[in-house]
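Let's take a friendly walk through a model together. Have the sequence and the view open as you read.

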Amino acid sequence: MAVRSSTITTLILLSWIFYSNVLCLDLDDLTKAAPFTKEELEHIQSIRMPFIFSFHKGKEDLDHDLVDQLAARVDGLARVGTVDVANSALTSILKDLGISSSSYPKFRAYEFDIPKTKFKDSEDVDTLIEFVKNSVPENLIKTIPSVDQIQPNLISALQQKKLSSFVFTNKDGIPDLLLKLAIWMDQSYQFHIVNHPDEALMQSFSLQKLPAIVVTIPSKKNDGAIAFSPYLYDRTRFGGVKFLNVIRFLMSVNNQLQQDGILKEIFSNIEEPQPSEKESKANRPQPLFEITPDVPDFCNENQLGLCLISFLDGSPSNEQLQHQLETLKNVQHSPAIRDRVVKFMWIDGICHPSFAEALTVGIDHLPTVVAISPRRRRFAKLLGAFAENSISEFIIGVLTGHVPILPFSEFPVISGDDNCTQAHLSLAAPPEVEGDDDVDDLIAEVLQEHELKQNADNLDADENAKQGIDEEEAQLEHKRKIAQQEIDRLNRMFNVGTLEENR
């Protein structure tokens with residue numbers, strides 16, 4: 001396969017690899033230290049990549065030479081960058097990381113996987129590098145022991161919508177170069193290591209010498225079967241086997257196959273693998289649950305990500321309750337949300353009004369959703385409809401910073417004194433009273449009074465007409481007056497009746 005040089009770009013859009021519209025870096029800067037942006041810091045919990053932070057307080061505290069030396073030593077094993085703890089725009093984000101302008105380490109490394117619960121503070125670069133290497137999962141790079149393992153691994157990669165890349169070496173272990181490639185391009189390639197390949201492996205990839213880097217190009221045969229052909233790294237075209245050169249090579253291959261429509265055709269005809277029972281359980285999010293006084297630690301302040309609290313009408317009269325719960329479950333398991341750090345829960349807003357009001361949710365707002373960032377002590381309320389699309393867009397908007405979040409001083413507490421039965425009954429319509437003679441007499445008296453008032457109203461209207469006052473306005477004014485008098489009189493009568501009953 002001939003790679004057209006026009007497909008090679010000097011700019012890596014990291015949204016294509018990892019970052020989902022968060023960051024754009026020049027290709028040559030991947031191994032250099034660049035200041036972390038606010039967007040990057042907000043999203044590190046959702047990015048599968050190691051990070052190494054160099055913290056400083058103000059420009060005068062930034063040692064450029066030291067940071068450059070750090071980046072040179074790391075050389076692509078992690079995204080290395082600087083963070084100014086004196087930047088007020090980063091205060092709340094850094095607080096989530098346990099960092100403040102008065103307390104911060106010199107260097108901190110974060111693990112590869114998400115959520116990033118593990119990190120290492122150290123001024124020793126070797127310690128940071130060792131931590132990063134150990135955090136990379138074993139399945140990021142697969143070992144090929146024999147030629148019969150090649151075909152299954154090629155198909156497995158296509159099922160994951162990835163191309164396959166192989167590194168052949170006559171040495172033991174996994175070279176740092178391969179580890180770097182896997183860290184940065186895991187979304188597009190499945191990487192394999194072949195140590196001390198035998199003659200059969202060398203012949204199957206048309207290899208003459210080692211080390212060698214190969215990408216397998218898939219193609220569809222006339223009978224529908226998929227064939228693979230090896231495409232070797234060309235040193236005369238891309239230069240020596242170095243990290244950035246190989247990145248350019250891998251990008252060019254992927255880019256051309258995308259442009260030619262080959263990947264779309266191949267991927268659309270590959271049946272996706274079914275996860276094992278163990279994998280299904282491991283990837284299964286915590287089920288949607290109801291918040292009650294018996295669940296005090298439902299949104300711990302040290303919890304990462306978001307707590308998504310849905311305020312619903314939990315009374316028996318709400319015929320839509322089950323449908324609303326199903327909506328939340330569908331959102332939770334949707335492709336756009338299921339891999340994000342979001343904890344789903346719901347609360348009976350009728351039963352616990354004080355909790356709802358603390359987050360600016362009134363009974364007339366139900367059903368609705370509130371997203372809480374417990375570590376940042378901030379929240380946002382859904383303004384759209386209680387529907388799958390709007391809830392999903394709301395969650396993504398909060399996570400990406402497109403939906404503003406407001407601060408709160410103290411996390412609301414559910415009162416154990418809330419009486420759900422009484423709260424639900426208060427919403428029900430009052431029972432009709434039948435066969436009560438006192439009520440019948442009262443109604444008759446009201447009707448009689450109304451008739452007398454109506455006659456008086458007519459007399460007043462005639463008098464007003466004689467005095468040149470507009471008849472229609474006079475009638476409206478007197479009707480308002482009579483209505484108010486009637487309301488006042490009825491209120492007094494019912495108040496008296498209530499007092500008698502209480503006695």
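What follows is a set of questions and answers on spaces, rings and strands.

Q: What kind of model is this, and what pLDDT do side-chain atom pairs need?
A: This is a predicted model in which local features need pLDDT of at least 70, totals for chains, interfaces and linings use all residues, and side-chain atom pairs count only at pLDDT 80 or more. Residues are numbered from 1 along each chain as its sequence is written, and side-chain values use heavy atoms, with hydrogens and water left out.

Q: Which element gives the largest share of the lining of the largest cavity?
A: On a 1 Å grid over the protein atoms alone, a cavity is a set of points where a 1.4 Å probe fits but cannot get out, a pocket is an open set with protein on both sides within 12 Å along at least five of seven lines, and lining residues have an atom within 4 Å of a point. The search of the whole structure finds one cavity of 30 Å³ or more, lined by Ser54, Phe55, His56, Leu62, Asp63, Leu66, Val67 and Lys106. Helices (H or I, at least four residues) and strands (E, at least two) are DSSP runs, numbered from the N terminus. Strand 3 (51-56) and helix 3 (64-74) each supply at least two of the lining residues, and the largest share, three residues, comes from strand 3.

Q: What is the volume of the largest cavity?
A: A volume here is the space filled by probe spheres set on the grid points, which are joined across faces, edges and corners. The lining has four nonpolar, two polar and two charged residues, where Ala, Val, Leu, Ile, Met, Phe, Trp, Tyr, Cys and Pro count as nonpolar, Asp, Glu, Lys and Arg as charged, and the others, Gly among them, as polar. The volume of this cavity is about 30 Å³.

Q: Which helix gives the most to the lining of the second largest pocket?
A: The second largest pocket holds about 640 Å³ of space, and of its 29 lining residues Glu42, Asp96, Ser373, Arg376 and Leu399 lie nearest its centre. Two or more residues each come from helix 2 (38-43), helix 4 (91-96) and helix 15 (388-400). By class the lining has 13 nonpolar, eight polar and eight charged residues. With four residues, the most is given by helix 2.

Q: Why is the pair of Phe51 and Phe53 classed as it is?
A: Rings of Phe, Tyr and Trp (its six-membered ring) pair if their centres lie within 6.5 Å; planes under 30 degrees apart count as stacked, over 60 as edge-to-face and the rest as tilted. The centres of Phe51 and Phe53 are 6.4 Å apart and their planes are at 55 degrees, so the pair is tilted.

Q: Is Phe119 buried or partly exposed?
A: Buried means under 20% relative accessible area, exposed over 50% and partly exposed in between (1.4 Å probe, protein chains only). Phe119 pairs with Tyr110, their ring centres 5.5 Å apart and their planes at 45 degrees. Tyr110 has 2% relative accessibility and counts as buried. With a relative accessible area of 38%, Phe119 is partly exposed.

Q: Which residue lies over the face of Phe119?
A: A charge sits over a ring if NZ of Lys or CZ of Arg is within 6 Å of the ring centre and within 35 degrees of the ring normal. Phe119 belongs to a cluster linked by ring pairs, with Phe36, Phe51, Phe53, Phe55 and Tyr110. The charged end of Arg79 sits over the ring of Phe36, 4.4 Å from its centre. Over the face of Phe119, at 3.8 Å from the ring centre, lies Arg108.
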